[in-house]
Amino acid sequence: MSIEKIVEQALQDGYLTPAMEAEVGRICDTASELSIEEYMALDRLMGALLTGEVVAVPRKQFINVMEELVLTEAIARVAEIESNSDTTLDLGDIAAYALNRLPPLYATTEEGASFQRNNAKVELSALIADQVKEAISRSLNQPDFYPERRSLSKGATGESVLGQVTDLLQDYAHKFSPETQGASQ
């Protein structure tokens with residue numbers, strides 16, 4: 001999106017979102033020189049921001065305290081498992097799995113976050129621990145999918161992707177015949 005379109009959108013909406021701000025920054029950083037139209041659009045945006053016609057939306061106005069609580073629990077459990085075995089776990093996968101099964105706890109102030117944190121420690125700590133434990137269990141029991149996989153690419157012998165697919169079909173689809181498939185079309 002161009003600077004002019006971003007400014008037009010901001011003026012229309014009355015808001016400059018973090019994504020819009022980042023895009024303007026990216027354009028300004030990568031352009032060797034801005035056009036007169038781009039400078040004029042930026043000037044209009046600055047004027048609108050100064051008069052309050054356009055409001056810049058802060059980057060983050062809230063937090064989900066549950067993310068902090070789940071990550072704390074997951075880090076402790078994963079560290080325990082990894083220190084006692086050769087297993088490596090994906091902390092992100094574990095946290096996401098547990099978070100998808102727990103209620104969000106949003107707060108907009110530090111006082112609200114503190115309240116949510118304390119309340120969750122009393123009322124939800126067992127549920128959080130159970131969900132993290134379930135996430136770890138699923139991660140540990142997840143099979144290594146198709147370790148014999150080969151990528152389809154032009155082989156050293158010049159074999160085409162179509163030839164590789166035909167070979168795979170012949171290996172796994174016993175009644176497949178390239179001659180009968182071509183004849184029916």
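α7 gives the most to the lining of the largest pocket, with four residues. Helices here (H or I, at least four residues) are DSSP runs, numbered from the N terminus. This is a predicted model, where local features need pLDDT of at least 70 and side-chain atom pairs count only at pLDDT 80 or more, while totals for chains, interfaces and linings use all residues. Residues are numbered from 1 along each chain as its sequence is written, and side-chain values use heavy atoms, with hydrogens and water left out.

Back to the pocket. On a 1 Å grid over the protein atoms alone, a pocket is an open set of points where a 1.4 Å probe fits, with protein on both sides within 12 Å along at least five of seven lines; lining residues have an atom within 4 Å of a point. The largest pocket has a volume of about 220 Å³, a volume being the space filled by probe spheres set on the points, which are joined across faces, edges and corners. Its lining includes Thr-87, Asp-90, Tyr-97, Arg-138 and Gln-142. By class, the lining has five nonpolar, four polar and three charged residues. Ala, Val, Leu, Ile, Met, Phe, Trp, Tyr, Cys and Pro count as nonpolar, Asp, Glu, Lys and Arg as charged, and the others, Gly among them, as polar.

Now the helix pairs. How do the axes of α4 and α7 cross? They come within 10 Å and cross at roughly 50°. That makes α4 oblique to α7. Axes are lines fitted to C-alpha atoms, for helices over the stretch in contact, and angles run from 0 to 180 degrees between N-to-C directions. Angles under 35 degrees count as roughly parallel, over 145 as roughly antiparallel, 65 to 115 as roughly perpendicular and the rest as oblique. Among the residues that meet are Leu-69 and Ile-81 in α4 and Val-132 in α7; contact means heavy atoms within 4.5 Å. The residues of this contact divide into ten nonpolar, no polar and two charged.

α4 (residues 65-83) also pairs with α5 (residues 91-99): their axes come within 9 Å and cross at roughly 130°. α4 and α5 are therefore oblique to each other. Their contact has eleven nonpolar, no polar and one charged residue.

Last, α1 (residues 3-13) and α3 (residues 36-51) have axes that come within 9 Å and cross at roughly 25°, and are therefore roughly parallel to each other. Ile-3 and Leu-11 in α1 and Leu-42 in α3 are among the residues that meet. This contact has eight nonpolar, no polar and four charged residues.

Definitions and conventions:
Helices (H or I, at least four residues) and strands (E, at least two) are DSSP runs, numbered from the N terminus.
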